[in-house]
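Here is a friendly tour of one protein chain.

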Amino acid sequence: MALSDVSYFGIRHHGPGSADSLVQALQELKPVAVLIEGPADASPLLPLLARPEMQPPVALLCYPEDDPASTSFWPFAEFSPEYQATLWAVTNNAAVRFIDLPSSARTAPIEAVGETESDGTEANVEADLAPHLRDPIGTLAQAAGYEDGESWWSDIIEQNPQPGPIFAAIADAMTTLRDGEGPLAAFEAKREAHMRLEIAAARKEFDGPIAIVCGAFHVPALQATRPLKEDQALLRGLARRKSMMTWAPWTGPRLALGFGYGAGVVAPGWCKHLWQTRGQGDSSVLWLAKIAAVLRAKGHMVSTASLIEAERLARTLAVIRERPKPGFEELRDAAIAALFNGEALLWALVEAELLLGADVGEIPPDTPLAPLIEDLQRNQKAARLKPEALERELSVDLRSESGLFRSTLLHRLSVLGVHWGKLTDSGRSRGTFRERWTLSWEPEYAVRLVENLVYGPTIEKAANGRLIQMIGAATSLDAMAALVQGAITANLSEASIAGLAALEDRAARSSECLEILTSVPPLADIIRYGEARKTETARLSGLLERLIVEGGIALAYAARDLDAQASTTLVGAMRKADESISLVEPEQDVLDAWRNGLAAVLDGSRSTALVAGCAAHLLYEAGHLSADAATGLIARRLSPGTPVTEAAGFFEGFFSTAGQRLIYDEGLRGAVDAWLASLDEDAFIAHLPLLRRVFSHLDSMERRRLIEAVLGRAACLPAGLTPTPDGGEAWRRHLERLGPLLMSEARNG
């Protein structure tokens with residue numbers, strides 16, 4: 001590295017050794033200006049990185065004003081050379097700028113978080129990037145006898161910082177590699193042309209040394225002497241779009257290659273450790289101490305002797321693998337052997353915490369932000385919820401003001417596709433005064449918020465706008481009802497009003513029974529538990545009652561001549577609707593209309609057997625079918641004159657969620673016994689899967705009680721009273737075949 005007016009520092013993005021060597025080199029060079037690979041129009045935001053309130057990892061976020069979905073990220077970690085170069089420049093009063101193509105010129109379609117050039121800081125890759133030398137580090141590694149570029153770069157540079165000779169050697173190596181390559185893709189050529197022009201302009205502007213910090217691959221091209229006119233001609237006519245730029249929090253795990261970030265590193269946690277422990281002694285020993293601390297915090301005993309053995313083993317592995325010192329791979333393998341007794345699965349319990357970390361960056365409160373991101377930060381502060389990269393549990397009480405505020409925020413974010421919180425038991429949590437969430441922040445949520453700017457500048461307005469659009473696009477009554485439920489749950493009044501109006505209009509035009517039935521549960525949940533969210537339910541109650549009546553009327557026709565899939569779907573909708581109707585306790589005439597519909601299905605000659613069995617069970621549970629009537633009905637529908645497939649369908653429809661009735665109801669057991677006795681051996685075997693499905697709803701204790709009831713019933717009955725005409729002999733006969741099945745189910749309960 002010659003001390004001339006311009007010095008080039010080829011680095012590995014997010015490399016702690018590169019960052020250490022770079023800081024030492026800058027301290028020696030003392031440049032008056034530091035030029036960094038990055039979008040030139042974002043240069044005014046660079047000094048913000050040096051603010052004390054800016055805690056990495058953070059990312060520069062750039063997006064076209066007319067297309068927020070086309071967002072690009074440039075992440076920075078504490079150990080990123082670009083970040084450390086910026087800190088050095090600000091601290092030493094040197095000018096600091098980005099010199100790459102401005103974000104406004106990146107017009108090609110891009111992915112939110114995708115692959116990148118092997119040396120680029122961007123989290124995205126432009127669509128017109130043609131194949132070129134994708135992995136120069138890997139090529140150097142193979143020449144040195146390494147299997148992969150990560151290990152080579154770590155051994156040579158990241159764990160052995162050497163400011164002077166390292167950068168010169170990297171430049172020479174990249175020059176040799178690029179000499180054998182063909183022409184670059186058009187976009188890459190424009191990037192390098194733009195950087196050369198920026199460097200030329202800086203040479204005219206500044207009097208003193210200038211430092212160029214860029215991906216190692218670009219060094220030869222930036223050092224090359226080319227006529228300015230050629231570079232200017234290459235950039236002539238470059239399309240531009242007005243861009244918005246800001247800083248956004250990033251997370252440690254999203255700096256990893258394994259999370260889809262093409263310029264990332266394998267183990268961000270290890271890189272952070274190397275950076276923070278530089279100059280403090282042996283990083284390997286300190287890493288093992290960190291492993292021990294994590295294990296002890298989780299309640300595992302770790303002895304000093306085991307740590308000493310792990311350290312010795314790691315060094316031995318490094319020698320065997322011909323590495324200058326242990327890397328995180330050797331330390332991992334040694335820890336598994338010495339601390340985990342060879343159990344790699346135990347290592348998996350701590351691997352993410354150690355190698356990926358749980359860091360979430362912070363940005364200064366006065367940073368100019370995209371409106372939705374700014375509003376989110378205000379809400380997070382008000383809710384006292386700090387974004388974290390690793391999962392954590394959160395329980396909220398909707399009866400408290402703070403709990404309701406937290407729940408409302410998380411539900412609104414979910415509407416926007418920002419699933420920071422996920423309900424761990426949505427079926428139970430919805431409709432109670434308590435919700436349980438699992439929180440985990442992902443950096444792409446910032447992209448989602450930017451994409452939703454088209455709906456409004458605040459979380460509430462954007463969620464209202466997006467839900468109104470979704471309600472307008474809904475094609476079925478049940479989908480619309482679920483969206484209205486979401487609007488009310490998230491306390492989105494505009495979307496709730498629009499949704500109710502659309503729901504009423506759709507309900508007036510709908511005659512599809514299944515669609516009506518599946519819309520009942522979400523509306524019933526809102527009505528029954530409206531108190532938890534102080535919801536006005538009067539208007540909704542009238543709509544729900546109308547749907548219940550219409551569903552009952554349509555049910556008899558919907559149950560006719562269905563195939564297996566359609567009948568199963570309808571039965572599921574009937575059970576959920578009936579459960580919801582029972583919970584909301586509608587007016588008696590509404591309840592009668594529903595149960596009359598069930599009775600019409602039961603009496604219909606064309607009703608599918610499975611659906612008819614379900615209707616009979618629902619009427620029986622509601623007390624509209626007496627025990628004697630149910631016993632007689634079962635006996636008729638399972639009689640020898642009924643086709644076996646129809647009898648099996650009715651049996652499944654009635655008992656699939658009511659198998660426990662066979663424990664206590666002797667009359668029902670007798671009817672089932674008579675049906676089983678009528679089956680020949682082949683038919684009985686063919687219907688064993690059906691019996692298994694019915695018994696699968698019983699827990700182990702219920703299965704044992706059923707066995708006891710069957711085995712002991714004949715001996716325990718009062719004189720003159722038997723469960724079946726043959727005195728129970730059929731049960732004994734069938735038990736010889738059914739007993740092993742029931743016992744197996746009971747043991748596996």
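Predicted model: local features only at pLDDT ≥ 70, side-chain atom pairs only at ≥ 80, totals over all residues.

Now look from β3 towards β7. A59 stands opposite A248 there, and Y63 has M244 as its bridge partner in β7. Between β3 and β7 the pairing is again antiparallel, over seven bridges.

As background, strands of a sheet pair through backbone hydrogen bonds, and they may run parallel or antiparallel.

## The sheet as a whole

How many strands form this open sheet, and in what order? There are three, arranged β4-β3-β7, with antiparallel pairing. The edges are β4 (72-76) and β7 (243-249), each of which pairs on one side only. From one strand to the next, the twist averages 20°.

Are the residues of β3 buried or exposed? Seven of the seven are buried, so β3 is largely enclosed by the rest of the structure. Its side chains can be sorted by direction: V58, L60, C62 and P64 point one way, while A59, L61 and Y63 point the other way, and all of them are buried.

## A cis bond in a loop

The peptide bond from P56 to P57 is cis, with omega near 10°. P57 has its place in the loop between β2 (33-39) and β3 (58-64). For context, most peptide bonds are trans, and most residues other than glycine have a negative phi.

## Two residues with positive phi

N341 is not a glycine, yet its phi is positive, near 55°. You can find N341 in the loop between α12 (328-338) and α13 (344-356). N341 is exposed, with a relative accessible area of 69%.

E585 is another residue other than glycine with a positive phi, near 50°.

## Helix α15

Next, pick out helix α15, residues 401-415. After α15 comes G417, which has a positive phi near 80°.

How much of α15 is covered? Mostly, it is: 11 of its 15 residues are buried. Among the buried residues are G403, L404, R406, S407 and T408. Further along α15, the buried residues include L409, L410, H411, R412, L413 and V415. When you look at any α-helix, remember that there are 3.6 residues a turn, so residues three or four places apart point the same way.

## Stepping back

Finally, zoom out to the whole chain. It contains 33 helices and 10 strands, and of its 749 residues, 53% are buried. Among contacts with a separation of 6 or more, 74% are between residues 24 or more positions apart.

What is the accessible surface of the chain? It comes to about 32,600 Å², and 52% of that belongs to carbon and sulfur atoms.

Definitions and conventions
Residues numbered from 1 in each chain as written. Heavy atoms only, no water. Helix = DSSP H or I, 4+ residues; strand = E, 2+ residues; numbered from the N terminus. Buried < 20%, exposed > 50% of the residue type's maximum accessible area, 1.4 Å probe, protein only. Pairing = 2+ DSSP bridges. Axes fitted to C-alpha atoms, helices over the stretch in contact; angles between N-to-C directions. Contact = heavy atoms within 4.5 Å. Areas by Shrake-Rupley, 256 points an atom, 1.4 Å probe, with all protein chains shown as cover. Expected span 1.5 Å × (residues − 1).
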